[in-house]
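Reader: I have a structure to go through with you. Could you take me from the overall fold down to the side-chain contacts?

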Amino acid sequence: MRRLISTLLSGVGALLLVSLFLHLVPGDPIDVMLGEQATQVDREALRRAVGLDEPIPVQLWHFTRELFTGELRTSLPPFQKKVMPAIGAALPFTLVLALAALCVACVLALPLGVLAASRRGTWVDAAAMSAAVVGVALPRFWLGPVLLLVFSLRLDWLPVSGAGSWRHLVLPAFTLGTALAAFLARMTRASLLEALREDYITVARAQGLSARRVLWRHALRNALLPLLTVLGLEFGALLGGAIVTEKVFAWPGMGTLLLSAIERRDYNTVRATVLVFTGCFLLVNALTDMAYALADPRLRRRA
């Protein structure tokens, strides 16, 4: 019940915040539709026709009612186009991109973090953590175009943009997952070093187990538990972070839909897209809590 209430409050908060910011953004949707040369009479008539003359609470009520009845349509002409089918078509692309980026991050981060922890204080540790710092520092809006120039335009190995095959997914996933990989590598190193200092590791070594078995069989398993929470939170961040990456690679996901709606001042699409992002983030957090409880028996006993 507590989680349900917090979910509802989060959804309401996201709706209020995005509506507030939409009305604070400079620019009038009527200008987008009619142009700045339109007469005042035409502007007021269109404003009444699309409901923009109503108070914000009334607009939000109409939005909420139409959203739950499945009748939500775009704020701007053409009015025949419903919002939810467009979101339903774009959401799978964003989820696929986020999952691919998460896989890229795990594949890069776990070996790097384990290698750094097992060679603590050596040049290998320093090189691995330096690579992690560089990965965190690289902005996505810079890394994406650079990868396009190198692998698509110069080498002609991968497509420039769009979504039609797994080859279209490589560069966006790598762009989105690089920063997360660097962060996870540092987390893996710190968590593994802490696990290696535990008493059960000392006992395992005293029993004559090999260093490789102690590291991979005993220490790493417990070191991965804190990473589950981080992965859940970061997956939600990947959904939001995918907006810039989708724009760079013309990936037809939620980010592209959201930016297009903001550009056209399509308030209903912007509100609905942000609510879907919020719902995905809350769902991932709930699944992360469940996974953490399954992985850690102490949490199950407390429940």
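Author: The discussion below moves from the overall fold to the core and then to individual contacts. Please keep in mind that this is a predicted model.

Reader: Understood. How many helices and strands are there?

Author: The protein has 13 helices and zero strands. Read along the sequence, the pattern is α-α-α-α-α-α-α-α-α-α-α-α-α.

Reader: What box do the C-alpha atoms fill?

Author: Taken along the principal axes, the box is roughly 85 × 55 × 30 Å. Of the 303 residues in the protein, 39% are buried.

Reader: Which domain does UniProt list?

Author: An unreviewed UniProt entry lists "domain: ABC transmembrane type-1" for residues 91–288. In the model, that span is 85% helix and 0% strand, and its end C-alpha atoms lie 20 Å apart.

Reader: And where does the record place the "transmembrane region" spans?

Author: The unreviewed UniProt entry gives residues 86–115, 127–153, 165–185, 223–244 and 274–295. Among them, residues 86–115 are 100% helix in the model, with 44 Å between the end C-alpha atoms. Residues 223–244 are also 100% helix, and there the end C-alpha atoms are 32 Å apart.

Reader: Now the aromatic residues. How many aromatic pairs are there?

Author: The structure holds two. One of them joins Phe 93 and Trp 251, whose ring centres are 5.9 Å apart.

Reader: Why is that pair called edge-to-face?

Author: The planes of the two rings stand at 80°, and an angle over 60 degrees counts as edge-to-face.

Reader: What does the pair tie together?

Author: Phe 93 lies in helix H5 (residues 83–118), whereas Trp 251 is in the loop between helix H10 (211–249) and helix H11 (254–263), so the contact ties together parts that are 158 residues apart in sequence.

Reader: Buried or exposed, for these two partners?

Author: Trp 251 is buried, with a relative accessible area of 4%.

Reader: Which residue lies over the face of Phe 63?

Author: Arg 271 does, at 5.7 Å from the ring centre.

Reader: Moving to charged pairs, how many salt bridges does a search of the whole structure find?

Author: The search finds two. In one, Arg 189 pairs with Asp 125, and the closest N and O atoms are 2.8 Å apart. Arg 189 belongs to helix H8 (residues 166–196) and Asp 125 to helix H6 (residues 123–137), so the bridge links parts of the chain 64 residues apart.

Reader: Is Asp 125 buried or exposed?

Author: Asp 125 counts as buried, with 6% relative accessibility.

Reader: What about the bridge between Lys 82 and Glu 71?

Author: Their side chains meet at 3.7 Å, N to O. Both residues are in the loop between H4 (56–68) and H5, eleven residues apart. Lys 82 is partly exposed at 28% relative accessible area, and Glu 71 is partly exposed at 38%.

Reader: One last point. Where is Val 25 found?

Author: Val 25 is in the loop between H1 and helix H2 (29–34), and its 36% relative accessibility counts as partly exposed. Val 25 and Ile 262 are 237 residues apart in sequence, yet their C-alpha atoms are 9.7 Å apart in space.

Notes:
Residues numbered from 1 in each chain as written. Predicted model: local features only at pLDDT ≥ 70, side-chain atom pairs only at ≥ 80, totals over all residues. Heavy atoms only, no water. UniProt positions renumbered as here; feature names shortened; annotations may be inferred. Helix = DSSP H or I, 4+ residues; strand = E, 2+ residues; numbered from the N terminus. Phe/Tyr/Trp six-rings, centres within 6.5 Å; stacked < 30°, edge-to-face > 60°. Buried < 20%, exposed > 50% of the residue type's maximum accessible area, 1.4 Å probe, protein only. Lys NZ or Arg CZ within 6 Å of the ring centre and 35° of its normal. Salt bridge = Lys/Arg side-chain N within 4 Å of Asp/Glu carboxyl O.
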